[in-house]
Amino acid sequence: MAEKKSTVPFSGTKEQEEALLKVINELKDEKGALMPILQKAQDIYGYLPIEVQKIISDETGIPMEKIYGVVTFYSQFTLNPKGKYRISVCLGTACYVKGSGDIYNALMEKLGIVGGECTPDGKFSLDACRCVGACGLAPVMMVNDEVYGRLTVDDIDGILAKYE
Amino acid sequence: MYRSHVLVCGGTGCTSSGSQRIIDRLHKEIDANGLTEEVGVVKTGCFGLCALGPIMIVYPEGTFYSMVQEDDIPEIVSEHLLKGRVVTRLLYDETTKTDKIIPLNETNFYKKQHRVALRNCGVINPENIDEYIGTGGYEALGIVLTEKKPEDVIQILLDSGLRGRGGAGFPTGLKWKFAAQNQADQKYVCCNADEGDPGAFMDRSILEGDPHAVLEAMAIAGYAIGASQGYIYVRAEYPIAVKRLEIAIGQAREYGLLGKNIFDSGFDFDIELRLGAGAFVCGEETALMTSIEGNRGEPRPRPPYPALKGLFQRPTILNNVETYANIPQIIVNGPEWFASMGTEKSKGTKVFALGGKIHNTGLVEIPMGTTLREIVEEIGGGVPNGKKFKAAQTGGPSGGCIPAEHLDVPIDYDNLIAIGSMMGSGGLIIMDEDTCMVDIAKFFLEFTVDESCGKCTPCRIGTRRMLEILDKITKGQATMDDLDKLEELCYHLKENSLCALGQTAPNPVLSTLRYFRDEYIAHIVDKKCPAGVCKALLQYKIDPDKCKGCTLCARTCPADAIIGKVKEVHMINPDKCLKCGACMEKCRFGAIYKE
């Protein structure tokens with residue numbers, strides 16, 4: 001899938017790198033440490049560009065191709081930065097039968113991007129997700145960690161406006 | 001000592017509808033009214049009735065308030081907590097049907113339920129180990145470590161008839177027995193909390209509402225098979241569950257219920273959390289273990305089974321959250337107690353996450369053998385908006401759709417397989433007449449295409465080819481030959497895929513073909529979608545008898561596809577129409593219909 005911000009140059013700071021090195025030192029002797037390290041690294045940088053993977057590889061001795069393989073396997077790891085506000089629309093079964101597909105389509109139209117992309121100003125990124133476990137409130141979407149439930153297409157403008 | 005307790009649901013459903021703000025406001029109002037010493041506020045796990053959240057119960061009366069808003073709090077505090085007058089307008093309406101308020105467990109939603117795995121959810125504060133101990137928690141671990149031999153524990157589980165609640169229904173005692181027999185320098189106990197089935201949230205609710213039950217059961221498992229290390233693999237999408245597990249593990253260590261020499265028995269056991277990263281296939285046992293090892297979560301061929309070579313190549317048992325939640329009570333109450341519930345081959349209860357087109361969405365726990373009709377019509381309160389029930393989907397992307405003719409089948413593992421579905425982890429999605437069964441099959445195939453790990457060819461390529469055929473059908477471009485090909489592919493995938501993901505991926509297609517073949521044929525031969533879902537086969541039309549010529553639809557249409565003058569009957573140009581349905585929503589006279 002073509003992603004609009006894939007050419008964003010890496011701009012990691014010294015503080016971020018120090019935080020990452022600290023995490024690696026704490027975890028690297030644990031069995032199966034790669035996943036927790038990657039999760040913490042993504043918390044620090046917001047995404048996992050090649051530069052970050054390289055640091056992890058150098059520090060742990062795990063080959064780059066293995067790290068890249070793991071990063072690209074799991075849907076929560078991302079090689080590209082996300083928007084300031086990450087919108088995820090639940091396309092789990094309960095939400096889908098209650099019309100979350102329409103919500104997702106309407107968001108793509110309003111934001112002018114397709115799922116997996118980020119708006120050119122870096123503000124919103126849109127993804128479909130699988131079940132946030134709030135099926136009782138279906139259909140549901142999340143903006144960062146805030147959950148919006150019992151949605152209709154008409155609610156979208158109001159929600160987006162909160163983040164403008 | 002409080003004279004009154006206010007329990008507020010802190011599960012994900014109610015948190016999403018604002019229960020944390022309600023708790024904060026409650027504390028403020030209680031302080032302001034000088035009741036701080038008299039009224040306690042407890043944030044609990046899930047009560048089950050998520051559709052009516054946020055939910056609050058006031059004890060000792062047991063008053064059940066639903067859909068509470070922050071602004072209702074001052075009234076609840078000043079009227080109910082201060083003056084003892086119930087705020088009737090906020091009562092759950094099922095409890096007020098007669099002129100007397102009936103107890104919660106006599107309402108339709110709760111009266112057929114029997115809570116075993118969920119017994120503490122919505123009852124205790126999950127972030128306080130003392131409350132778990134106060135309801136008999138860690139008694140089972142004490143009994144096991146001080147009075148039972150490992151083989152006794154396994155025998156109790158075998159006698160209870162407990163089968164795995166994660167989907168396949170393998171006898172738990174047998175799994176433990178195999179792992180106990182294999183000798184190794186280290187063994188592992190794992191908990192599958194990677195609840196991937198979209199539409200199932202019982203494991204999350206147990207972890208959020210009663211995390212210690214899972215920890216206790218894992219320690220019991222460790223003793224039974226001779227393992228000293230446990231791992232819980234939990235979805236990263238469940239932040240509340242992760243947080244409560246971290247708190248629970250910390251408290252259990254502090255109390256010496258995890259760690260070295262538990263209960264002075266010489267038994268050591270500790271648990272680590274591992275977070276998933278969003279891969280459905282990691283719910284498969286070998287893939288989950290590969291993922292904990294820090295690799296791509298691809299399944300491994302079995303045999304060797306994990307009981308011989310599992311995590312880090314050591315004997316390992318993996319059970320699901322709900323399975324574990326049953327175990328401490330089986331130890332305390334005895335296997336006969338557990339086996340007295342359920343059907344001949346499926347003992348105990350099962351938790352279902354009821355969702356979709358149904359009144360009471362939420363979490364229900366029923367004895368095995370309850371019929372689907374009881375769940376849908378009595379507990380679930382039926383299908384809303386006067387629509388007709390069409391099918392119930394169980395087992396998620398691995399399961400199938402059960403039509404109305406099988407509503408009276410008693411639910412257990414074997415019956416569900418016989419009617420072409422499966423228990424799965426317990427998602428139960430209700431569909432009404434507006435749901436297109438071909439579209440649903442396509443929805444699940446999109447899911448499996450996305451989630452196929454790509455390791456084996458039948459699954460990687462087969463699911464994609466199936467999806468392409470389904471896509472053609474929903475667009476009216478398929479022939480009856482395609483339908484035959486689709487069915488043939490289903491059997492190839494079932495026989496040749498490496499793991500359960502691929503082997504069960506055709507189930508949604510096979511079950512809808514079995515019960516709703518006429519819908520497939522309508523799409524293929526008549527080029528019609530009977531449920532009015534598949535856009536390519538729809539046409540929006542205006543009923544000339546009902547149209548008043550108000551022009552609202554023409555002004556609403558984003559594609560200028562509607563022609564007509566004021567006070568004259570309007571028409572839709574099918575070549576321009578985008579089938580967005582905006583006109584139909586706006587029309588005040590119900591003159592626009594689709595066919």
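Tutor: A helix is a DSSP run of H or I with at least four residues, a strand is a run of E with at least two, and both are numbered from the N terminus. This is a predicted model, in which local features need pLDDT of at least 70, side-chain atom pairs count only at pLDDT 80 or more, and totals for chains, interfaces and linings use all residues. Residues are numbered from 1 along each chain as its sequence is written, while chains are lettered from A and ligands numbered from 1 in the order in which they are written.

Student: What makes residues 457-474 of chain B a helix, and what span do they reach?

Tutor: Helix 18 of chain B has 18 residues, and the rule asks for at least four. From first C-alpha to last, helix 18 reaches 25 Å, close to the 26 Å expected at 1.5 Å a residue. That expectation is 1.5 Å times one less than the number of residues. Just after helix 18, B:Gly476 takes a positive phi of about 75°.

Student: How do you know where the buried residues of helix 18 of chain B lie?

Tutor: In helix 18 of chain B, the buried ones include B:Cys459, B:Met466 and B:Ile473. Seen down the axis, the buried residues fall within an arc of 165°, taken from the directions to their C-beta atoms, so they line one face of the helix. An α-helix has 3.6 residues a turn, so residues three or four places apart point the same way. Helix 17, helix 19, helix 20 and helix 21 of chain B are among what covers that buried set.

Student: Why is strand 10 of chain B called largely enclosed?

Tutor: 8 of its 8 residues (349-356) are buried, so the rest of the structure largely encloses strand 10.

Student: How do you know which strands pair with strand 10 of chain B?

Tutor: Pairing needs at least two DSSP bridges. Strand 11 of chain B pairs with strand 10 in the antiparallel sense over 6 bridges; B:Lys350 partners B:Ile366 there. These two form a hairpin with 5 residues between them. Strand 14 of chain B pairs with strand 10 in the parallel sense over 4 bridges, and B:Ala353 stands opposite B:Gly427. Both pairings pass the test.

Student: In chain A, what makes strand 1 parallel or antiparallel to strand 2 and to strand 3?

Tutor: Strand 1 and strand 2 of chain A are parallel, over 6 bridges, with A:Ile87 partnering A:Leu126. Strand 1 and strand 3 of chain A run antiparallel, over 3 bridges, and A:Val89 partners A:Met141.

Technical notes:
Buried ≥ 20, exposed ≤ 12 C-beta atoms within 10 Å, placed from the backbone. Contact = placed C-beta atoms within 7 Å.
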